Amino acid sequence: MFEHVEAYPGDPILSLMDDFNQDQRSEKVNLSVGFYYDEVGNVPVLDSVKAAKEFLDQQPVEANLYLPMSGDARYCQAVQRHIFGEQSTSVTERIVTVQSVGGSGALRVGADFLKRYYPDAKIYVSQPTWDNHQAIFAGAGFEVLRYPYLNQGKSEIDFAGMLKTFESLAAHSIVLLHACCHNPTGLDLIPAQWDQLFNLFKEKQIIPFLDSAYLGLGDGLEQDAYAIRALAQSGLTGFVSNSFSKVFSLYGERVGSLSVVCESAEIASRVLGQLKATIRMNYSNPPRFGAQLVRTILESEVLYQQWKSEVDVMLKRLLQMRSDLHQAIQQINPKLDVSYLLNQKGMFSFTGLSPEQVEEIREKYGVYLIRNGRVCVAGLNTGNIEVVAKAIANVSH
C-alpha cells in the first residue's frame, strides 16, 4: 500500500545531531542545535524552575484531567501580562491568548486559523529564516514567499528592501517577523523601524505574525518585547507566537502560547472560540505540567525576579562568549572581519560561511554548524573557543 511513500531526508538541524553523536573525536564541538548550554556544556535546570517544582510537589494531589482546549487559564493570563507588559484595559481586552504545544504549535494553530479565514492570502518570511517557518506554513496550505532581510554583504538589515517589498503586498498578506534575536542572523530591527513597519502594515492592511522564542536573550526582557507591545498599541490585528523552551530551559515540556491582537473585545471573543476549534482539530488540548511550572514562576513575584536574574546570567554569558570568540579569531587572523559577533544578538550568529566552508570546518576540526553558517553561540565555552576560533579563522578567506 505504501510503496509510493518517499524517504524523509530528515530535519537539517536534528539530523546533524545524529552525525555529531557518531563523531568519535574528543574535541568535537556542537554549535548547531538551538540549546542554551552553561559554561561546562550542560543544558541547565534553572533554580527558579526547581523552586516551582518543589512548590507544586507540596500541593494536594489532584486528578490529572484534560486541560481546556485553550489551556490553563491562569497560565494564559500570566503569559499575556509577561509578554505584553502593562497595557490599558482597553488594549488587554482586545488580546486573546491560548496555551500551545511549544512555539511550533503556536505557529501551526495560527497558520491553520489564518488559512481558514484568508484562504487566498500569501505569507512572507525573511530571507533567511528558521527552516521550520517555511515548513509549518506550507504544511497549512499557504504559498510561502520571501522578503529581503540582509544586505548584499550579509552584515546589515536591508530595511529599504523590506519596505519596498511590503509596499507592494496585497491587502491581508501575512508577514512573519522575528520579535527579537532573529534566527539565524542575530540582527534585529530598532524601535523606530518597528514603528514604521506597523504604520505601513496598517495602511496596507497587512497582518503581522511575530514569532518570539528568545525574549530576554537579546537586550533584556523589556527591550526585546518592544515589537510585541508596540503591536498591541498600534491598532493592527496581529499574531504573536511565543516559546518558553529556551528562556526557561524547558525544551521537553513544550510550553508555548499564541496571542492574537484584535480590533475589539467582541471580535477577540469570537477569535478565541475559533482558536479553540482549531486546537481541537490539531491536538485537542495542551499538556499540563510545563505550563504549571511557568505559571507558578510568572505568578510569584519572588520566583519571577529570580527567573529574570537567571535569564540575565544567560544573556551575559552569551555576550562574553561573543567577545571571547571575536578576540580569539582576531589573534589568529587580525585581517578577518568578524565584527558580526559583536553586532548580532541572541543565541545565534550568522557567519556568512558557505556550505562548503561549513563542511570543511566539520571535517577538519569537528566543529558542527548548520549549512547556512549559523553558529549557536550558547554552545561555546572556555574549553572549546580555541578550536572554534581556529576553524573559523582558517577557512574564512
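In helix α16 (residues 385-395), the buried residues are I385, V387, V388, A389, A391, I392, A393 and V395, where buried means under 20% relative accessible area, exposed means over 50% and partly exposed lies in between, with a 1.4 Å probe and protein chains only. Because eight of the eleven residues of α16 are buried, this helix is largely enclosed by the rest of the structure. Helices (H or I, at least four residues) and strands (E, at least two) are DSSP runs, numbered from the N terminus. The cover over the buried residues of α16 includes β1 (29-30), α13, α14 (340-343), α15 (355-365) and β10 (367-368), contact being taken as heavy atoms within 4.5 Å.

This is a predicted model, in which local features need pLDDT of at least 70 and side-chain atom pairs count only at pLDDT 80 or more, while totals for chains, interfaces and linings use all residues. Residues are numbered from 1 along each chain as its sequence is written, and side-chain values use heavy atoms, with hydrogens and water left out.

Helix α13 (residues 301-332) also packs against helix α2 (residues 47-57), at an angle of about 150° and with the axes 8 Å apart; axes are lines fitted to C-alpha atoms, for helices over the stretch in contact, and angles run from 0 to 180 degrees between N-to-C directions. The two helices, α2 and α13, are therefore roughly antiparallel to each other, a term for angles over 145 degrees, whereas under 35 counts as roughly parallel, 65 to 115 as roughly perpendicular and the rest as oblique. On the α2 side D47, S48, A51 and A52 take part, and they meet L303, Q306, W307 and E310 of α13.

Elsewhere, T278 belongs to helix α11 (residues 265-282) and, at 6% relative accessibility, counts as buried. Apart from neighbours within four places in sequence, T278 is in contact with V109, D112 and F113. One of these, F113, forms an aromatic cluster with Y117, F137, F142, F209 and F239. Rings of Phe, Tyr and Trp (its six-membered ring) pair if their centres lie within 6.5 Å, and planes under 30 degrees apart count as stacked, over 60 as edge-to-face and the rest as tilted.

Over the face of F142 lies K115, at 5.2 Å from the ring centre, and R374 lies over the face of F348, at 3.8 Å from the ring centre. A charge sits over a ring if NZ of Lys or CZ of Arg is within 6 Å of the ring centre and within 35 degrees of the ring normal.
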